[in-house]
Amino acid sequence: MCGIIGYTGEGNTREVLLTGLYGLEYRGYDSAGVALAADPIAVTKREGDVATLESALPAEGLDGVAGLGHTRWSTHGPPSDENAHPHTDCEGRVAVVHNGIIENYRTLRDELAARGHAFTSETDTEVIPHLIEERLAAGADRQTAFRQVVDRLEGSYAVAVVFEDTDTIYAARHESPLVIGLGDEGNYLASDVPAFIEYTDRVIYLDDGEFATLTPDSVTVTDASGAVVEPTVDEVAWEPEDAGKGGYDHYMKKEIHEQPRAIRNCLRGRVDAAAGRLTLEELADLEAPSRVQLVACGTSYHAARYGARLLREHDIPAQAFLASEYRAETVPVGGETLVIGVTQSGETADTMRALREANSAGAVALALTNTVGSSAARECDHVCYIRAGPEIGVAATKTFASQQVALVLVTNALVDTPDPALLDALAELPAQIQTVLGDSQARAIADAYVDADAYFFIGREYTAPVALEGALKMKEITYKHAEGFAAGELKHGPLALVTERTPVFALLTAGSCLEKTLGNVREVQARGAPVIAVTDVPDRVRHSADHVLEVPSTHPHLTPILANIQLQLASYWIANRLERSIDKPRNLAKSVTVE
């Protein structure tokens, strides 16, 4: 969603802000702007991309001036120059950027308008600088005015403010992420680490209800009462080049090819196949749950469905819920219930709400996330990191595979004796993924079916969630209609959509009701649909398919991970042929921090 970058310190402030905005582009946005705290405040903002904003900025940068930058994802009001952030007060002495939703903005706006304030945008954010303007006029100092206004806000927010002719940034967060970067020549504020990783890897993650004051040589964090908090300084364990394309045409392609490394990182220190040992120190003090509920959204929900089936097969009652539909009062929740929030960013608003609700109802909460220091990681009773490394492409790839593997680890950590054959297969998995990447014929499939009317994906048991994920990837980056189904459901309605122009990707793997799925394949073939089989038993299915995408044989719990690689590549190459914006699909954002 929206992105924030702030900087106060030595050097070219304009350049730092632009670097940060480019580093936040992956989050999805439709306008961008900056504010430099000169005298008067200099605000430039434009509908469109960061490059459009850059072309509108003065060529000369300003040294030693605090500044804020923002990429906006429209909520209140359409994309426009006027609705872009930063927003200012009537006099142009206060500039504000904000992520989240101010739920009581309409009441506040009406009050301000009645007192003579003039608004230039349709946003909820614009009430903030006008409220600060009033508190300053009443005699409050800048910090006090900011805190008093934040106290009036209802909803979710990460908000940052600069004043004219100052080197200070004020910030606060509630249910929307903010992270501080500690640099040698100044200090940084952002909604995510990639905004400033080029400059520093030392970070402070703000907690809900905390305020921060940044100057070039100091950072002060206080709680809601104003008491000073001694923050933890973490070191980000990745380099600036990790967030680059590394010679690939797209971040998505790079991240697909990073999956062997991501899985090795996920397994490192956790699986010793030779000793037959699986160790998840993060869960060492977790008591065996009577039931497990997994809450997630989008791609993470598909991983959660996969994880729920794993748990059930190990005799642990488990359900996967869409986080936006989860309500603790409608499902059994108590001290023996483990609620697992599956979230790449650790900030997904619906998932965070579900975790907080479950925790309040007495459940034990576990965050399965990629992001150290995220809200989920800090607020849950336990955290298991998937260790995928930074993922910049909006469409999740390596994080999905890493979530699946992490759920395998969590499941086996909850049982007395892990399956030795599974541990052996996990050790071989990265090399097998590399084989799929090297041998895939997905590009030829894309060439053959780029002009299809729609795409269908079918699977059973462990491959059913992968069918859903395959369809989601196709929709996200090609903008073409795609649907995923449990294969047995085809004859209960979707078969009406099947024609000779709707290719069907069939996950035909050993151990997943192969013969029954082959029966479903014959149903679609009878209606003229071409079939692309993704399979670990090519000799058994070749006669039933128009094309075959092979994956190596492995433990049946891991075959879906390999099969998904082929579907990712097929979607990527079709989108590439269609010349889509693969890394930044229209209307989508990497991290969804509003419900």
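Me: What makes Asp315 count as exposed?
Reply: Its relative accessibility is 70%. Exposed means over 50% relative accessible area, buried means under 20%, and partly exposed lies in between (1.4 Å probe, protein chains only). At 70%, Asp315 therefore counts as exposed.

Me: What kind of model is this, and how are its residues numbered?
Reply: This is a predicted model, in which local features need pLDDT of at least 70, side-chain atom pairs count only at pLDDT 80 or more, and totals for chains, interfaces and linings use all residues. Residues are numbered from 1 along each chain as its sequence is written, and side-chain values use heavy atoms, with hydrogens and water left out.

Me: Where is Asp315, and what is its phi?
Reply: Asp315 sits in the loop between α8 (298-313) and β19 (318-322). Helices (H or I, at least four residues) and strands (E, at least two) are DSSP runs, numbered from the N terminus. Phi of Asp315 is near 65 degrees, a positive value in a residue other than glycine.

Me: Why is Glu175 called partly exposed?
Reply: Its relative accessible area is 33%. Glu175 belongs to the loop between β8 and β9 (179-182). Its phi is also positive, near 60 degrees.

Me: Is Cys2 buried or exposed?
Reply: Buried. Its relative accessible area is 9%, which is under the limit for that word. Cys2 is found in the segment before β1 (3-9). Asn99 is 97 residues away along the chain, yet the two C-alpha atoms are separated by 5.8 Å.

Me: How do you know that α7 is roughly antiparallel to α12?
Reply: The axes of α7 (residues 259-267) and α12 (residues 420-439) cross at roughly 170 degrees and come within 8 Å. Axes are lines fitted to C-alpha atoms, for helices over the stretch in contact, and angles run from 0 to 180 degrees between N-to-C directions. Under 35 degrees counts as roughly parallel, over 145 as roughly antiparallel, 65 to 115 as roughly perpendicular, and the rest as oblique. So α7 is roughly antiparallel to α12.

Me: Which residues of α7 and α12 meet?
Reply: Contact means heavy atoms within 4.5 Å. From α7, the residues include Ile263, Arg264 and Leu267. In α12, they include Leu426, Ile433 and Leu437. By class, the contact has 9 nonpolar, 2 polar and 1 charged residues. Here Ala, Val, Leu, Ile, Met, Phe, Trp, Tyr, Cys and Pro count as nonpolar, Asp, Glu, Lys and Arg as charged, and the others, Gly among them, as polar.

Me: What does Val271 touch?
Reply: Val271 touches Arg277, Leu278, Leu409, Leu423 and Leu426, not counting residues up to four places away in sequence. Val271 lies in strand β16 (residues 271-272).

Me: How many residues of α17 are buried?
Reply: 17 of the 19, so α17 is largely enclosed by the rest of the structure. Just after α17, Glu579 takes a positive phi of about 60 degrees.

Me: Why does one side of β5 (87-88) and of β14 (228-229) lack a neighbour in the sheet?
Reply: The order of this open, antiparallel sheet is β5-β6-β7-β8-β12-β13-β14. Each of β5 and β14 stands at an edge with a single partner strand, so one side of each is left without a neighbour.

Me: What makes β7 (155-163) and β8 (169-174) a pair?
Reply: Two strands pair if DSSP finds at least two bridges between them. 6 bridges join β7 to β8, so they pair. They run antiparallel, and Ala160 has Ala171 as its bridge partner in β8. The two form a hairpin with 5 residues between them. In that turn, Asp165 has a positive phi of about 55 degrees.

Me: How many bridges join β8 to β12?
Reply: 4, with the strands running antiparallel. The partner of Ala172 in β12 is Phe211. 5 of the 6 residues of β8 are buried, so β8 is largely enclosed by the rest of the structure.
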